Amino acid sequence: MAAPTYHATAKALHWLTALAVFGLLGVGLWMTGLPISLLKLQVYAWHKWIGLVVLVLTAARLLWRWRHPPPPLPDAVTRWERALAPVGHWALLILLVAMPASGWLMSSAAGVSVSWFGVLPLPDLVPRNPDLFEALRTVHFVLSRCLIVVVALHVAAVLHHDVLRRDGIFRRMWPSGRN
Ligand code: HEM
Ligand code: HEM
């Protein structure tokens, strides 16, 4: 019998999120150094819009996961890896909520309301407050560094499994892996 893999819905949510997160991290690191310009304003707007897409994808994923738990790990996975895998995955899931939430809060505290893709006005989560804005900016910055570290560890763990151990972990999440 074929080894169990994640459901197609979980895979679609995973890879869309991964793509968006790589883009957001790259663009986020680049955009803050741009001189004040129309380009900077547009890039900031897209960063916010796609960041909020990640929030929606993560909410959908958490709901899906609640009803469809991850498939059991293959026997080759050791006891400590079995204990560590959910810790790493939950760290990612928490950061996928905390990053966009801190961004949205930061924008509200700056007094800049977000209109999603320029068509859906979103409520301000907190009133304008320059001190709170600075604090949330630091939170968003620190969380982004945590996310970079946890994603790097996540990708390194997958590479370790598939390149060194060849235990089929990557296939569990790859679109063509059967479920
Ligand atoms: C998963 C989602 C997100 C990721 C991975 C992400 C990542 C980043 C990164 C890496 C930076 C650069 C930090 C720095 O080096 O100073 C940044 C800055 C920023 N992000 Fe996000 N972000 C996300 C979501 C959001 C959302 C939803 C908003 C607002 C609605 C937002 C608003 C901002 C703003 C305004 C800045 C610039 C702060 C500054 O000028 O210092 N982000 N983000
Ligand atoms: C090249 C990049 C990536 C690869 C190769 C990859 C691969 C994988 C694989 C194979 C799994 C399943 C592990 C298992 O069998 O239990 C997984 C799970 C997961 N990945 Fe990734 N991933 C990547 C990037 C990302 C990124 C950027 C994020 C989000 C920031 C992310 C978040 C997650 C989460 C939350 C899970 C757990 C899914 C669940 O249990 O519901 N991944 N990833």
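A polar contact is a pair of N or O atoms within 3.5 Å; within protein, one atom must be able to donate a hydrogen and the other to accept it, and residues adjacent in sequence count only if both atoms are side-chain atoms. This is a predicted model, in which local features need pLDDT of at least 70 and side-chain atom pairs count only at pLDDT 80 or more, whereas totals for chains, interfaces and linings use all residues. Side-chain values use heavy atoms, with hydrogens and water left out.

Q: Why is the pair formed by Arg172 and ligand 2 called a polar contact?
A: An oxygen atom of ligand 2 lies 2.3 Å from a polar side-chain atom of Arg172, so the pair is within 3.5 Å.

Q: What makes the pair formed by Tyr44 and ligand 1 a polar contact?
A: A polar side-chain atom of Tyr44 lies 2.8 Å from an oxygen atom of ligand 1. That pair is within 3.5 Å and therefore qualifies.

Q: Why do His47 and His140 make polar contacts with ligand 1?
A: A polar side-chain atom of His47 lies 2.8 Å from a nitrogen atom of ligand 1, and for His140 the distance to a nitrogen atom of ligand 1 is 2.8 Å. Each pair is within 3.5 Å, so each is a polar contact.

How values were computed:
Residues are numbered from 1 along each chain as its sequence is written. Chains are lettered from A and ligands numbered from 1 in the order in which they are written.
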